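I opened my notebook today to look up a few things in a new structure. Here is what I went through.

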Amino acid sequence: MLIAKITDSDFFGGEPQYIEDNARYNVRGVVINKSGDIAMMRVENSEYYKLPGGSIDITETPELAFSRHASEETGLPVEKLGYIGWIEEHKNKRKFCMVSHCYAVKTAGENVDTNQLALSEERLGYKLEWIPYEKAMAKLKELSKNCKEYQMSFILKREYLILEKAKNIIESASGDKEE
């Protein structure tokens, strides 16, 4: 199920423009630990955060790719909770569309390794932080209001929409949902 289509018009106004012929496919999602906190990757020397995720290797399904990224970025084994949907980022200034399949997983077990970030993620200085759901939502919303960077505007909006869509899964996994 489609979560949203984000376009330049979300930030600059005007009519949405959709890019149909230059798509890149990734995975993103929510990793929940035993305390019910959400894994967020903080970009070092900035206030920005993103959810775990990344590219899909040619030999992987999107589900396997997300499990791999979630484990690499947290250093923990994970188990699937559910498929959240997909989100499209139509980046007209960059002339491509990013399609991200989104999943929710929970940590399963103790540390198996320190996080194994990809070289590009290490260069960007990503650091893992575990943040309560409501605090993560508030942080993403506040950062979005003040963001002037083109790429980061898309990322912050995307992460907020993914977390918003995953709220019921997160509450169920955290044991907070009232019956």
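My entries follow, one topic at a time.

**Entry 1: ground rules.** I am reading a predicted model, where local features need pLDDT of at least 70, side-chain atom pairs count only at pLDDT 80 or more, and totals for chains, interfaces and linings use all residues. Residues are numbered from 1 along each chain as its sequence is written, and side-chain values use heavy atoms, with hydrogens and water left out.

**Entry 2: confidence.** I began with pLDDT, the predictor's confidence in each residue, from 0 to 100. The chain averages 89, and 89% of the residues score at least 70. I then asked myself where in the chain confidence is lowest. It is helix α3 (residues 119–124), with a mean of 57, while β1 is highest at 97. Helices (H or I, at least four residues) and strands (E, at least two) are DSSP runs, numbered from the N terminus.

**Entry 3: the cores.** I looked up nonpolar cores next: sets of buried Ala, Val, Leu, Ile, Met, Phe, Trp, Tyr and Cys residues joined through side-chain atoms within 4.5 Å. Buried means under 20% relative accessible area, exposed over 50%, and partly exposed in between (1.4 Å probe, protein chains only). The largest core has 34 residues, and Val30, Ile38, Ile84, Ile87, Leu163 and Ile170 have the most contacts inside it. Among the elements giving two or more residues to this core are β2 (23–32), β3 (38–43), β7 (96–107) and α5 (150–165). Which element gives the most to this core? I found that α5 does, with 8 residues. In soluble globular proteins, nonpolar side chains tend to be buried together.

A second, separate core of 9 residues includes Ala39, Ala65, Phe66 and Ala70.

**Entry 4: salt bridges.** A salt bridge is a side-chain nitrogen of Lys or Arg within 4 Å of a carboxyl oxygen of Asp or Glu. The structure holds 13 of them, and I followed several.

- Glu88 pairs with Lys5, with the closest N and O atoms 4.0 Å apart. Glu88 lies in strand β6 and Lys5 in strand β1, so the pair ties together parts 83 residues apart in sequence. Glu88 counts as buried at 15% relative accessibility, whereas Lys5 is partly exposed at 38%.
- Glu79 pairs with Lys106, the closest N and O atoms being 3.6 Å apart. Since Glu79 is in strand β6 and Lys106 in strand β7, this bridge ties together parts 27 residues apart in sequence. Glu79 is partly exposed at 40%, and Lys106 is partly exposed at 31%.
- Arg158 meets Glu89 at 3.0 Å, N to O. Arg158 belongs to helix α5 and Glu89 to strand β6, so parts 69 residues apart in sequence are tied together. Are these side chains' residues buried or exposed? Arg158 is buried at 3%, and Glu89 is buried at 0%.

I also noted a network of salt bridges linking Asp57, Glu60, Arg68 and Glu72.

**Entry 5: Lys91.** My last stop was Lys91, found in strand β6 (residues 78–91). Lys91 counts as buried, at 1% relative accessibility. Which side chain does the side chain of Lys91 make a polar contact with? The partner is Gln151, at 3.3 Å. A polar contact is a pair of N or O atoms within 3.5 Å; within protein, one must be able to donate a hydrogen and the other to accept it, and residues adjacent in sequence count only if both atoms are side-chain atoms. Leaving aside neighbours within four places in sequence, Lys91 is in contact with Asp8, Ile19, Phe96, Tyr150, Gln151 and Phe154.

Key: Contact means heavy atoms within 4.5 Å.
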